[in-house]
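Please keep the sequence and the structure open while reading the numbered points.

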Amino acid sequence: ASEFFSMDEGKMMTILADAHYIMYCGRYLNEHAHRIATALQRAQKRSQKRSQNAVDGAETNVTFRNFVDWSNPDPSRYHGGHEVEGMMTLSKHLNISDEDDGVVNTVLWKITGVSSLDVAGHEGK
């Protein structure tokens, strides 16, 4: 996450442009939410522009993106629940972007629990 957030938003947008799934495994999502939302909005616009310019009807547009936050699977245990606040902040910034031009279509997922399964599908201890 540190390397990604050291990039400018243009480079972030380039990386996200054709992504259907984005997994966030860093910390302090709340601090990065506005930059992620801006990069996602710009990536969507770029993807749509390439789709409009595609030859022979080739589909290059990423219509929906899934943003999965793995930052802390137990939000109440660490950092006082700030990871949930980060997803709410990201959602707010994406909704503001949507109101501007209706471009960003991102589904946000917050992982709030994990467990281990063995090869038979039984939960481990």
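1. Strands E1 and E2 run parallel and are joined by 4 bridges. The model is a predicted one, and this pairing can be followed in it residue by residue: Tyr 21 is placed opposite Asn 66 in E2, while Ile 22 is placed opposite Phe 67 in E2.

2. On its pairing with E3, strand E2 is again parallel to its partner, and here 5 bridges connect E2 with E3, which covers residues 106-110. One of the facing pairs to look for is Val 68, which stands opposite Trp 109 in E3.

3. Taken together, these pairings give an open sheet of 3 strands in the order E1-E2-E3, with parallel pairing. Because E1 and E3 stand at the edges and each has a single partner strand, one side of each is left without a neighbour in the sheet. Neighbouring strands of this sheet are turned against each other by 15° on average, if direction is ignored.

4. How many of the residues of strand E2 are buried? The strand, residues 65-69, is mostly covered, and 5 of its 5 residues are buried. Both faces of E2 are covered, with Arg 65, Phe 67 and Asp 69 buried on one side and Asn 66 and Val 68 buried on the other. Please note that Arg 65 and Asp 69 are charged residues by class, and that both belong to the buried set in this strand.

5. Val 107 deserves a separate look, and this residue is found in strand E3. Is Val 107 buried or partly exposed? Its relative accessible area is 33%, and Val 107 is therefore partly exposed, since the buried class requires a value under 20% and the exposed class a value over 50%. Leaving aside residues up to four places away in sequence, Val 107 touches Arg 65, Asn 66 and Phe 67. The C-alpha atoms of Val 107 and Tyr 21 are separated by 9.5 Å, although the two residues are 86 residues apart along the chain.

6. The largest pocket holds about 180 Å³ of space. It is lined by 11 residues, and the closest to its centre are Phe 4, Phe 5, Ile 22, Met 23 and Tyr 24. Helix H1 (2-5) and strand E1 (21-24) each supply at least two residues of this lining, and the largest share, 3 residues, comes from E1. Sorted by class, the lining of the largest pocket has 10 nonpolar residues, 1 polar residue and no charged residues.

7. Finally, some values for the chain as a whole. The protein chain has 4 helices and 3 strands, and along the sequence they follow the pattern α-α-β-α-β-α-β. Of the 125 residues in the chain, buried residues make up 36%. Among contacts between residues at least 6 apart in sequence, 68% join residues at least 24 apart.

Terms used
Residues are numbered from 1 along each chain as its sequence is written. This is a predicted model: local features need pLDDT of at least 70, side-chain atom pairs count only at pLDDT 80 or more; totals for chains, interfaces and linings use all residues. Side-chain values use heavy atoms; hydrogens and water are left out. On a 1 Å grid over the protein atoms alone, a cavity is a set of points where a 1.4 Å probe fits but cannot get out, and a pocket is an open set with protein on both sides within 12 Å along at least five of seven lines; lining residues have an atom within 4 Å of a point. Grid points are joined across faces, edges and corners, and a volume is the space filled by probe spheres set on the points. Buried means under 20% relative accessible area, exposed over 50%, partly exposed in between (1.4 Å probe, protein chains only). Two strands pair if DSSP finds at least two bridges between them. Contact means heavy atoms within 4.5 Å. Axes are lines fitted to C-alpha atoms, for helices over the stretch in contact, and angles run from 0 to 180 degrees between N-to-C directions.
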